[in-house]
Structures are given as C-alpha cells and as structure tokens.
Amino acid sequence: MLNKRIADEAFENNTSRRDFLALSQRLLLSTAALTMCPISLCASAMDDLNLKYLDSLTALLLADVSRLLFPHDRFEDTIYLDVVRDINSDMHTQKNLKTLISQLTKILNDKADGDWLSAAMSKKLDLLKTLQGSEEFSYLHNRTIESLYRNPEVWKLIGYQGSSIEHGGYLHRGFDDIDWLEK
Amino acid sequence: MTKKFNLSDDSVVVVIGSGAGGGVLANELAQRGIDVVCLEAGRRLAQADIVNNDTEMFGKLTWLDPRVASGQAIPGFPVWTCKTVGGTTMHWTASCPRLQEHEFKARSTYGEIAGANLVDWPLDLQELAPYYSLAEDRMGVTGTHDIPRLPGNNNYKVLEAGARKVGYTEINTNNVAINSEARDGRAACLQIGFCTSGCVIQAKWSTLYTEMPAAEKTGHFELRPESMVVAIKHDKQGRASEVHYLNGDGELKKQKLRAVCVAGNAVETSRLLLNSASNRFPGGLANSSDQVGRNYMRHFIAGVVGEMPGSVNIHRGAHQAGIVKDESGHNPERGFAGGILMLTAPFTPEIFAKFLQPGGWGRDLASTLENYDHLAAMLVHGEDLPEMTNRITVHSKQKDAYGLPVPIVHYKEHPNTTKMKAYAIEKGKNVYRSLNASKIHTMVDVFPATHNMGTARIGHNAKTSVCNAWGQTHDISNLFISDGSLFPSVGCENPTLTIVALVLRQADYLEDLLKRGNI
Ligand SMILES: Cc1cc2nc3c(=O)[nH]c(=O)nc-3n(C[C@H](O)[C@H](O)[C@H](O)COP(=O)(O)OP(=O)(O)OC[C@H]3O[C@@H](n4cnc5c(N)ncnc54)[C@H](O)[C@@H]3O)c2cc1C
Ligand code: SF4
C-alpha cells in the first residue's frame, strides 16, 4: 500500500515536471495569449508551486478563473496562486475533487474553443456566467473566497487588521479615530 | 473543590447544557446548596484555546452536527449555536436589552393576526423586572447598576451620526454584558473586536468562565463535558428518573436524578424531548399538547452595509455596542405588528464576500471588498410571530454520529415579518444614505438563526403550552425547560438576558419545590 503511494507520488511529480516544461515552452511561444490573460505568471512562480495533484496548465487556468471571479488589480498573481495551492490541498482530502477539477477544466477549454487561456476577457466572463450554479463553479467560487479573504496578505491590502490581542486590542489603536463625520 | 456525584445518586438535579440558560441555572442552584450535575455535549476549552481568528474559533465552538433545513431555513446550516462548555455565550455578542412591557402582551397588543398563534405571556414585565435586575448585575450589563456604557467605536459613531440625521434619538452604545471597567474578577474590554470568537480577555460574559468556575467552588456542582444526552427516561409514575448520555468515549451512561432541566437551545431541547418518546409518551416527553417543537421563532436578521465617504475600520472594537431603539415600539401605522432594533455589527472580509451578493462575483463586488476599510454595517432585527407550522421535528431516517435522529428545522416567514423586514432594511439604508454612502448593500435571508425560541412555550393552559409560568412542564412535574424555548412570543430584543432572568426565576421556584419535598 505504502509502496504504491510512493510510486504514485513519484509519478505525479514527474508528470507535473513534464507539464511544467511544456507549459514554459508554451508561454514563451504564445506571448499573445499571455497579454490577453489576466494572470501573467512567470514560469518560476509556477515552479515554486510544486503541486501534487494539478498540472501547471490546469493550475494556470484555475488561477486565471479565480482572478476573474474576484479581480483586484492591486493583487499580485502570487495571491491567486495561493488559491490554486489550496485547491491542491483540498484534492488531498476530498476524493471526488479530481474529477470535478478535470471536468471544470474540460468544460472551460471546450467552451473557449479548446483554449481557455487564449480566449478574450469578455468571452471568458460570458462563459463563466453560463457556469454559475453548477457544482464546479460553486466549488471554485467558494474556494476562491475562502482562500483570498482568509489570507493575511489580502487583509493587509484591503485594510482588515486581523488578530489584535497581541497589540492590546484597539482601545488605544484607533477604535474611535473616525475623523470625517460632521461634528 | 470540584465534586463528583455517583450515577446512582438520585438526589441530584441534572441540568442539560452549560450555555446561558443551563450555566446560570446550574450555578444558581449550586449556590443555594442544591447538588447539580451539568451534562454538556461539547468540550471544555482552556483560555489558551481562544484566539483572534474567526475561522479557527468557528471550528472549535460551533455545533456542526447535521441539522436539516426545511422551508426558508438556511439549507445545510439552519441554526447557528455552539457545542462547547459555555454554549452559545461563547459566540454571542452580549447585547442585552430587556423586553418591553407590551411585548409580554403580544396577543392583547397586536390583536388577532391570521396565521399567528399569538398569546400573552403568563407573566408581565413587572413580575420579571426583579429578575432582569439580578441578571444584569450578574452579567455586568453596561448602563445598569451604575456600570458605565462602553465608549462608541467607529462603526457606532457612523450609526449614531446617521441615525441623528434621520431624526432618531434613542441611540446609545447599548446594554451589553461586556465589562466597561474591571468587574467580577474580569478585565475591561480592550475593543479587541473578536466578540464572536470568544473573548480572549474574558471582558465579555460567557458561562465558561463566569458561572462554571463559580459553581465549582460551591462543592455542589459537577460539570461533565463531552456528555451528549440522548434520552430522558421516566419511571412507572411518569416522572423523569434518569438521563442517558454518551460520554467522550461513546459509552452510554445513566444518571439518576431528582429533577432535570433542559437547556439545549430550542432546537436541541425540542429534539431531546421528541427523541425521548416512550410507550407512555409516544409523541415525546411533555408533549401531550402537541406543542413541543412548534411555534419556533427566530428574529429576522438582515445586514445593511454602507460604503462610506471616509474610513471606518469596522473591525475595531466591541461588535454590538451600538443600538437605535426608535423603531422598537409597536406602531401599526407602519403596516405590521411589533418592533425593530438596529445594532452595529462588524463582518470580516470573508463574510462580506460570501453574503453581500450570495453567489456573486466580478469587478463590482471585488471593488466593494477592496473598500473594506470604508464599510459601515448594522444588523436590523425584529419581532417574529409564533406559528404552529414553524417547528422542530426529528428525521424519520437520518441519524447523526450519536445514532440520534437529526432535527429538522422548518421555518417560513409570516407576512408580518416580510413587511417588517422590508421596512427595517429601508430605514437602515436611510441611516447610511444620510451620510452620503456611495453604495449601500444588504445581506438578507443569508444568516442562519442565532436567536432560537418558542418551542416549549410557557402558559397557563396545558392544552396550548408545554410549561407553566416557571418553566415546569405541565406533564412531568420534575422536568423543566430552561432556555429560549420557553418564550410564548419574542419581542424584538436579543433573547439572552430574558433567558437568564427566566431561569433565575425558575431557580426560586425549583428550590421551593425541592425544599417542600414536592418533587
Ligand atoms: C453569533 C451569535 C451572536 C449572538 N449574539 C447575541 C446577543 O448579542 N445577544 C443575545 O441576547 N443573544 C445573542 N445570541 C444568542 C445567544 O447566544 C443565545 O440566546 C443563548 O446562548 C441561548 O442560551 P441557551 O442556554 O438556550 O443555549 P446555548 O447557549 O446554545 O447552550 C446550549 C448548550 O447545550 C448543549 N447541548 C445541547 N443539546 C445537548 C444534549 N443533548 N446533551 C448535552 N448538551 C447539549 C450545547 O452543546 C450548548 O453548549 C447570539 C448567538 C450567536 C450565534
Ligand atoms: S471587543 Fe471587548 S468583548 Fe469583544 S472580544 Fe474584544 S475585549 Fe472581548
């Protein structure tokens, strides 16, 4: 059993390495596609991800969709890659998720004439609308929300200050510092 | 000195649940020298387990065993309560207004309302007032007993300024069971802003660190955490004789008793009574009236959120230290019966993301979330009416991990509530509009019920109510109900202060019965 798991892991690592190589080639070749794509990842970022269950192309697609769902121009791509990382972790614990993700990828690519990442933004948004309410969409929607808005990096960017006990609360740190109300 | 009682000791009073109702009742009885065993389904957290992280604390505190929703109850998670020592006083935000005089007389004040099973309470404000006062003192409620009110935070200041602009005058930082100054061995609020995650410094009243340790000091009290009561059993005379519970190792234990008080928070209280059905009581315990589980009430709770012209930093400070009471009266000209409260309430980015537009996405929503520091928010809630058909039942097939039939929570809004809700939301919006909010959002019908009441109501008539005016069930003299299930109607106020007042009154009555050997 254990042996089989180790073998599986080795296999998966290999495949993602292979996909990654293919992907970086693709990225080099298709800069046109890149500029259309709201996610503009560099290859090294993908490399860092080191995902067990997701090949790099799928990872890129998921990051792209999560940015389309909650687009914050000020956020670096790495923040959306954290969403993908969480999807990968979910896949470890939720058995049916592999099917769901490959289903989702297939639907999106099919709808975008075989290549989601090269589709135009407006087209992507329209396509996403048609998916609303589906199990695949709901998963990704919820996952994106929970990954983004539970992320302390995001909190910093939007002004939520998180845990405060270590700073003695807000009693002396602006709980009543509002200054724009008329007196 | 923590005491241990034998399972065979039939002189103890068993209290089921350690939240607002159970925790207070158990301690109060123990203080009077009555031996009490408190059975609590959840774990006992240490103070170090409490952290400033909503997601983590939700996992540690919340009752996550399955509950089925029906009607307009929120699918999958109809009710938000806690399963831990301290019960939902861990999550609660400690808002403690009293019910108003007319709210004890709902039927006489509002008249006949089609579809509503309205009644007057079997007691009035005057009768409950001394117990309200005891409850406020015990819980350290601000604005009572010379306890100063909390200072207002930014979100309050926005509410106050907006409310004044639209002409409201009954505005203050509320009566909250949160220390504004050190009291009762607990610290003053530091405006930490994580009230619903359990208060790290114990400024907020929770039975975990008030009632429980106080009861333990008496030598008349034993708390058994991780003890899920599965049934209350009765003897040949039809009197409650023991409770069966599963301990942390899943072993079935049987505790003998003299009296038993159920404080599981309406849904679980109803479920336990129904799941305890026997040959003699086929419809469940104390249910000869067929009212157990019926007349289930909540408050409609809706969020109103303003994108304000300047920063608010809503997350800073005590959650519900801010209230507007101008709409809380009964004014039929508004087109509905009953009143409304407006209360400050902060939300995390995640909650806004989930509920500002449920299922929503895209640039507009993201831009609102990016504007997080400019958001101000309030909750509006109002009186709900009792209806026979809004009820807790148990599932015929589905069971939880304890092997117990899961509860079904069926709730449909009365037309009165629908009208009231629309009105309340509009009034809430006006508050932020008056301060030139650039956008105003609402969060409607998205929150699971946090206030759960009315499923074993008190009344004089055993045919139309489950308990007498003291919460003693009409059918079984040594079975008491000690939580919000008792409410015949709910007013518009947050329920917990009233629950505590009712169980303090019950303690007097129960002590008297025990002393006189009547049970
Ligand atoms: C987020 C939030 C905010 C709130 N804010 C306010 C507020 O500001 N003001 C207000 O008045 N109210 C508020 N409430 C409601 C308040 O928490 C409840 O009214 C109050 O806690 C109810 O007290 P209780 O004793 O009936 O139930 P609980 O406090 O829920 O306690 C019931 C206990 O019984 C245990 N139990 C249940 N069934 C069994 C069983 N079979 N065996 C053993 N143990 C069992 C549970 O584990 C639980 O610990 C809030 C609630 C929530 C969720
Ligand atoms: S705001 Fe006050 S009551 Fe709420 S968690 Fe903080 S210190 Fe406790």
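Predicted model: local features only at pLDDT ≥ 70, side-chain atom pairs only at ≥ 80, totals over all residues.
Residues are numbered from 1 along each chain as its sequence is written, chains are lettered from A and ligands numbered from 1 in the order in which they are written, and side-chain values use heavy atoms, with hydrogens and water left out.

Chain A has nine helices and zero strands, where helices (H or I, at least four residues) and strands (E, at least two) are DSSP runs numbered from the N terminus. Of its 183 residues, 46% count as buried; buried means under 20% relative accessible area, exposed over 50%, and partly exposed in between (1.4 Å probe, protein chains only). Taking contacts in chain A between residues at least 6 apart in sequence, 69% join residues at least 24 apart, a contact being heavy atoms within 4.5 Å.

Two packed helices are described by the angle between their axes and the distance between the axes. Here the axes are lines fitted to C-alpha atoms, for helices over the stretch in contact, and angles run from 0 to 180 degrees between N-to-C directions. Helix α4 (residues 56–69) of chain A packs on helix α6 (residues 97–111) of chain A at an angle of about 75°, and the axes are 11 Å apart. That angle makes α4(A) roughly perpendicular to α6(A) (under 35 degrees counts as roughly parallel, over 145 as roughly antiparallel, 65 to 115 as roughly perpendicular and the rest as oblique). On the α4(A) side the contact is made by A:Thr58, A:Leu61, A:Leu62 and A:Val65, and on the α6(A) side by A:Ile101, A:Leu104, A:Thr105, A:Leu108 and A:Asn109.

α4(A) also packs with α7(A), at an angle of about 85° and with the axes 11 Å apart. The two helices are therefore roughly perpendicular to each other. From α4(A) the contact takes A:Asp64, A:Val65, A:Leu68 and A:Leu69, and from α7(A) it takes A:Met121, A:Lys124, A:Leu125 and A:Leu128.

In helix α7 (residues 121–131) of chain A, the buried residues are A:Lys124, A:Leu127, A:Leu128 and A:Leu131. They lie on the same side of α7(A), because they cover an arc of only 100° around the axis; the arc is that of the directions from the helix axis to the C-beta atoms. After α7(A) comes A:Gly133, with a positive phi near 90°.

The contact between the chains takes 44 residues from chain B and 40 residues from chain A. The area buried between them is about 3,500 Å², and carbon and sulfur atoms give 62% of it; buried area is the accessible area (1.4 Å probe) that two parts lose on being put together, summed over both. In chain B, B:Arg316, B:Trp361 and B:Glu370 lose the most area to chain A, together 23% of what that side buries.

Two loop residues of chain B remain. B:Gly33 is in the loop between α1 (20–31) and β2 (36–39) of chain B, and counts as partly exposed at 36% relative accessibility. Its C-alpha atom is separated by 6.2 Å from that of B:His220, 187 residues apart along the chain. B:Arg294, in the loop between α7 (266–275) and β10 (300–307) of chain B, counts as buried at 12% relative accessibility. Not counting residues up to four places away in sequence, B:Arg294 touches B:Glu387, B:Met388, B:Asn390, B:Arg391, B:Gly454 and B:Thr455.
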